[in-house]
Amino acid sequence: MAQKQSFHDIINGEQPVLIDFFAEWCGPCKAMAPVLKEVAGKWNEQVRVIKIDIDKNQLLSSRLQIRGVPTFVLYQKGKVAWRASGMQTAHQLEQAIQSVL
C-alpha cells in the first residue's frame with residue numbers, strides 16, 4: 001500500500017502536479033472526469049494528476065481559497081504555475097502543462 005503523502009510533500013516534488021479540486025455533488029466536475037483521465041494518461045510521465053474532494057478537505061480548500069468547483073491548480077516546485085475555475089478542455093489543461101515543462 002502506498003504511503004499517504006502530505007499536500008506540502010506532493011506539491012513540492014520535482015514533478016509538476018495538476019490538482020482537480022472537485023465535489024461529489026458537482027455536475028461539471030463529473031463531466032470533467034473523462035477529460036482529466038485523458039490528460040493524465042497522455043502526460044503521466046511528466047505530470048502527476050490528483051483529485052481533491054473539497055468537502056473532505058475543507059481546511060485545505062479554505063486555505064487555498066477554492067471558491068467554486070471544479071478548480072484546477074498546477075503546481076511546480078511548490079508554486080502555483082496556473083489556476084483556472086470551471087470546465088476546461090483537454091487542450092487548455094495540456095497548454096498549462098506544456099507551459100511548465
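Reader: What makes the link between the side chains of E94 and K42 a polar contact?

Author: The E94 and K42 side chains are joined at 3.2 Å. A polar contact is a pair of N or O atoms within 3.5 Å; within protein, one must be able to donate a hydrogen and the other to accept it, and residues adjacent in sequence count only if both atoms are side-chain atoms. This is a predicted model, where local features need pLDDT of at least 70, side-chain atom pairs count only at pLDDT 80 or more, and totals for chains, interfaces and linings use all residues. Residues are numbered from 1 along each chain as its sequence is written, and side-chain values use heavy atoms, leaving out hydrogens and water.

Reader: Why is E94 called buried?

Author: E94 has 10% relative accessibility, so it counts as buried (under 20% relative accessible area; exposed is over 50%, partly exposed in between, with a 1.4 Å probe and protein chains only). Leaving aside neighbours within four places in sequence, E94 is in contact (heavy atoms within 4.5 Å) with E38, V39, K42 and W43.

Reader: And I66, why does that one count as buried?

Author: Its relative accessibility is 9%, so I66 counts as buried too. Not counting residues up to four places away in sequence, I66 touches F21, I54, S61, T71 and R83.

Reader: What makes Q65 and K77 worth a look?

Author: Phi is near 55 degrees in Q65 and about 50 degrees in K77, and neither is a glycine. Most residues other than glycine have a negative phi, and most peptide bonds are trans. The peptide bond from V69 to P70 is cis, with omega near -5 degrees.
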